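Trainee: I am new to this structure and would like to learn how to read its features. Could you take me through them slowly?

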Amino acid sequence: MKKLIFLIISLFLLPVGSFAVTGEDIFKSKGCSGCHSKSFDSFAPSLSTISKSYYKRKDDLKAYLRGKKPGIIKGEPKAMRGFINITKKLSDEELEALVNYLLSH
Ligand code: HEC
């Protein structure tokens, strides 16, 4: 009986769990974490550098990820081109979550 109750409860919880996508999930699943580390600047700026550069400029960061504005950090912009094509297509909710994650470092 306990098992059955557990099963029924899990069935209700599962869909909710899989729809609540966090910014961190997006960052990892889209491959961003392959180049951007949390605090170490390599050829790609770290999340803490991105956070500092876009401090109080959340809309600029969104515009950048939508492909509407050039980046503000000096680097190799070509490396990001393919990834802007990915972030461009995120829903508004997903982009919001991703940007909040990027700015939380
Ligand atoms: C192949 C390596 C690579 C991957 C993967 C990658 N980036 Fe980048 N990213 C870079 C490099 C290099 C720069 C610096 C060039 C620049 O700023 O134009 C950069 C810059 C950025 C910047 C700062 C732009 C600026 O100049 O203002 C943001 C924000 C960013 N990336 C977000 C992301 C997100 C989100 C993803 C995943 C969808 C991602 N990156 C995936 C290499 C990468």
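Mentor: Let us begin with a definition: a nonpolar core is a set of buried Ala, Val, Leu, Ile, Met, Phe, Trp, Tyr and Cys residues joined through C-beta atoms within 7 Å, where buried means that 20 or more other C-beta atoms, placed from the backbone, lie within 10 Å of a residue's own. This is a predicted model, in which local features need pLDDT of at least 70 and side-chain atom pairs count only at pLDDT 80 or more, while totals for chains, interfaces and linings use all residues. Residues are numbered from 1 along each chain as its sequence is written.

Trainee: Which residues make up the largest nonpolar core?

Mentor: The largest nonpolar core has eleven residues, namely Ile26, Leu47, Ile50, Tyr54, Leu61, Tyr64, Leu65, Ala97, Leu98, Val99 and Leu102. Helices are DSSP runs of H or I with at least four residues, numbered from the N terminus, and those that give two or more residues to this core are α3 (47–53), α4 and α6. The largest share, four residues, comes from α6.

Trainee: Why do the buried residues of α4 line one face of the helix?

Mentor: An α-helix has 3.6 residues a turn, so residues three or four places apart point the same way. In α4 the buried residues are Leu61, Tyr64 and Leu65. Seen down the axis of α4, these buried residues fall within an arc of 90° (taken from the directions from the helix axis to the C-beta atoms), so they line one face.

Definitions and conventions
Buried ≥ 20, exposed ≤ 12 C-beta atoms within 10 Å, placed from the backbone.
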